[in-house]
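This report concerns charged side-chain contacts and strand pairing. The sequence and the structure are shown first.

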Amino acid sequence: MSTTQPLVLAAELAAAWSDIQAFHQDLPDLASPEALIGESSSACGTRLGFERLLHEAAHGLAAARDIRDTSRAGRYHNRRFLMLASELGLAHPVEPHASSGFSQVTMLKETQERYAGTIERLDRALGAHQEAVAGEGGTRAFRGPAARHGSSGGGVRVKAVCGCGRNVRVVPSVLAQASIVCGACQQPFKIA
């Protein structure tokens with residue numbers, strides 16, 4: 001896979017996040033868009049895309065406002081999460097799932113219309129990234145609550161650091177599949 005492909009996708013994720021920030025001024029900056037690219041066992045969505053980014057933005061608003069929106073090590077999404085997700089234009093199921101709560105949110109039609117250009121750009125970047133990954137002889141998919149219910153839920157994450165000292169938590173097998181490159185120093189993250 002081209003080493004520029006993750007950088008392009010990370011840049012598109014950061015641009016899409018900025019588009020969300022335009023409507024939600026207190027949303028903090030996205031610290032590590034490249035970490036979302038390698039995420040394989042998140043309780044926050046079944047695949048990477050704009051809907052997943054809005055879901056993550058709800059968590060960002062919760063952090064900025066000091067709201068506890070999850071429990072059970074971040075797997076169970078409570079009604080405070082719902083309040084924030086609704087503010088971002090996400091709909092939710094009427095009843096919570098037993099293990100993940102209200103994590104399975106979907107975009108409202110108005111939200112899709114508001115961010116149509118952003119969604120189109122991000123989808124193109126994701127498509128190009130997935131083609132590049134598939135060209136390596138395999139496909140990778142983002143797993144979330146829908147794929148994980150009943151399982152132990154992903155591997156143990158370890159700390160990986162880059163050249164400038166930033167760090168991410170990642171499952172070692174994910175890092176072994178392809179490098180995750182720091183957006184600040186352009187160096188790959190390596191297990192400490």
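## Salt bridges and sheet pairing

Lys109 counts as exposed, because its relative accessibility is 57% and the exposed class begins over 50%. The model is a predicted one. Lys109 forms a salt bridge with Glu113, and the closest N and O atoms of this pair are 3.9 Å apart. Glu113 is likewise exposed, at a relative accessible area of 53%. Both Lys109 and Glu113 belong to helix H5 (residues 109–114), where four residues, about one turn of the helix, separate them.

A search of the whole structure gives a total of seven salt bridges. Among them is the pair of Arg121 and Glu12, with 3.5 Å between the closest N and O atoms. Arg121 is located in helix H6 (residues 116–134) and Glu12 in helix H1 (residues 4–21), so this contact ties together parts that lie 109 residues apart in sequence. Arg121 itself is partly exposed, with 29% relative accessibility.

Another salt bridge brings together the side chains of Glu87 and Arg65, at 2.7 Å from N to O. This pair links distant parts of the chain: Glu87 is in helix H4 (residues 79–87), while Arg65 is in the loop between helix H3 (50–64) and strand E1 (70–71), 22 residues apart. Glu87 is partly exposed, with a relative accessible area of 34%. Arg65 falls into the partly exposed class as well, at 30% relative accessibility.

| Arg121 and Glu12 | 3.5 Å | 109 residues |

The remaining topic is strand pairing. Three strands make up an open sheet in the order E6-E5-E7, with antiparallel pairing. At its edges are strand E6 (167–170) and strand E7 (190–191), each of which pairs on one side only. Strand E5 (residues 158–161) is joined to E7 by two bridges, and these strands run antiparallel. Within this pairing, Ala160 has Ile191 in E7 as its bridge partner. In general, the strands of a sheet pair through backbone hydrogen bonds, in either a parallel or an antiparallel manner.

Terms used:
Residues numbered from 1 in each chain as written. Predicted model: local features only at pLDDT ≥ 70, side-chain atom pairs only at ≥ 80, totals over all residues. Heavy atoms only, no water. Salt bridge = Lys/Arg side-chain N within 4 Å of Asp/Glu carboxyl O. Buried < 20%, exposed > 50% of the residue type's maximum accessible area, 1.4 Å probe, protein only. Pairing = 2+ DSSP bridges.
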